[in-house]
Amino acid sequence: MTDLSDATQQALISLAIRGMLRGAPDEATAALIDQGLAMSKGPITMPTPAGTSAAGELLRLPQGSEQEAEVDKLFDAFLPVNRRLRDVCSAWQTRADGTPNDHNDTGYDDSVRERLDGVHSAIGPILRRLSVQDPSLSTYRARLQEALDKFDDGDHSWLASPVKDSYHTVWMQLHQQLILMLGLTRAEDEAREQRLVGEGTR
């Protein structure tokens, strides 16, 4: 994507990782819209399929490289923890019997919070090693910790709200960046997670 300026390339990468941006697009994002790499729907700007593909070209690790092999190995460690986070978010929102969690049972909420601690502890070493391979991944640890701190301060929307950089939102951005870096499709990603989780439960 040599025809894009550095600022426009960075805007494209950010948009592809985040999935959407709210509010009026800045100059670089407007340039993406003009080139068909992004589209606006009301106050929301999203990457087009061509935009996501172009961002993948910019983020793709050199194929066959030692860096790719190491990130790929760490991705295998990431995916089972990813499943655990999804389960935690589901448990926070819905009880085991399928009823909505009204958060009146502090014992139940505390048990879910302990599971979140386990997820947070598990992702730390993985992120440290990923950051060695690609420094652009180094921001995620602090962003996850910030969301967790705000959640613990009493605003429970910081666990999974899609309209702020909640724990789940930041996690999804990390997941998307890893997928783009490794050149995976979502179907390949899901099949790989299922295989790893299935193997882990045998």
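Visitor: Let's start with a pair of helices. Which way does H6 cross H8, left-handed or right-handed?

Guide: H6 goes past H8 in a left-handed crossing. Left-handed is the word when the near helix is turned anticlockwise from the far one by less than a right angle, and right-handed when it is turned clockwise. The helices here are DSSP runs of H or I with at least four residues, strands are E runs of at least two, and both are numbered from the N terminus.

Visitor: Before we go on, what kind of model is this?

Guide: It's a predicted model, where local features need pLDDT of at least 70 and side-chain atom pairs count only at pLDDT 80 or more, while totals for chains, interfaces and linings use all residues. Residues are numbered from 1 along each chain as its sequence is written, and side-chain values use heavy atoms, with hydrogens and water left out.

Visitor: Good. Back to H6 and H8: at what angle do the axes cross?

Guide: Roughly 160°, and the axes come within 8 Å. H6 is therefore roughly antiparallel to H8. The axes are lines fitted to C-alpha atoms, for helices over the stretch in contact, with angles from 0 to 180 degrees between N-to-C directions. Under 35 degrees is roughly parallel, over 145 roughly antiparallel, 65 to 115 roughly perpendicular and the rest oblique.

Visitor: Which residues meet there?

Guide: From H6 you get Tyr 140, Arg 143, Leu 144, Ala 147 and Leu 148. Their partners in H8 are Tyr 167, Val 170, Trp 171, Gln 173, Leu 174 and Gln 177. A contact means heavy atoms within 4.5 Å.

Visitor: And how do H3 and H8 pack?

Guide: H3, residues 49-59, packs with H8 at about 75°, with the axes 7 Å apart. So H3 is roughly perpendicular to H8. Thr 52, Gly 56 and Leu 59 on the H3 side meet Gln 176, Gln 177, Leu 180 and Met 181 in H8.

Visitor: What's the angle between H1 and H3?

Guide: About 110°, with 9 Å between the axes; H1 covers residues 6-18. That pair is therefore roughly perpendicular as well, and H1 passes H3 in a left-handed crossing. Gln 9, Leu 12, Ile 13, Ala 16 and Ile 17 of H1 make the contact with Gly 51, Ala 54, Ala 55, Leu 58 and Leu 59 of H3.

Visitor: Switching to rings: how many aromatic pairs are there?

Guide: A search of the whole structure turns up 4. One of them, Phe 78 with Trp 171, is stacked, at 5.5 Å centre to centre and 25° between the planes. Phe 78 sits in H4 (residues 66-93) and Trp 171 in H8 (residues 167-182), so the pair ties together parts 93 residues apart in sequence. Rings of Phe, Tyr and Trp (its six-membered ring) pair when their centres lie within 6.5 Å, with planes under 30 degrees apart called stacked, over 60 edge-to-face and the rest tilted.

Visitor: Are those two buried or exposed?

Guide: Both Phe 78 and Trp 171 are buried, meaning under 20% relative accessible area, where over 50% is exposed and in between is partly exposed (1.4 Å probe, protein chains only). Then there's Trp 92 with Phe 151, an edge-to-face pair at 5.1 Å centre to centre and 70° between the planes. Trp 92 is in H4 and Phe 151 in H6 (residues 139-152), so that pair ties together parts 59 residues apart in sequence. Trp 92 and Phe 151 are both buried too.

Visitor: Which residues form the aromatic cluster?

Guide: Phe 75, Phe 78, Tyr 167 and Trp 171 form one cluster. Phe 75 is in H4 and counts as buried, at 1% relative accessibility. Phe 75 also touches His 175, Leu 178, Ile 179, Leu 182, Leu 184, Asp 189 and Arg 192, leaving out residues up to four places away in sequence.

Visitor: Now the glutamates. Where is Glu 70, and is it buried or exposed?

Guide: Glu 70 is in H4 and buried, at 19% relative accessible area. Among residues beyond four places away in sequence, Glu 70 touches Arg 129 and Gln 133. Glu 66 also has its place in H4, but Glu 66 is exposed at 72% relative accessibility.

Visitor: Last one: where is His 103?

Guide: His 103 is in the loop between H4 and H5 (106-133). His 103 has a positive phi, near 65°, though the residue isn't glycine, and is partly exposed, at 29% relative accessible area.
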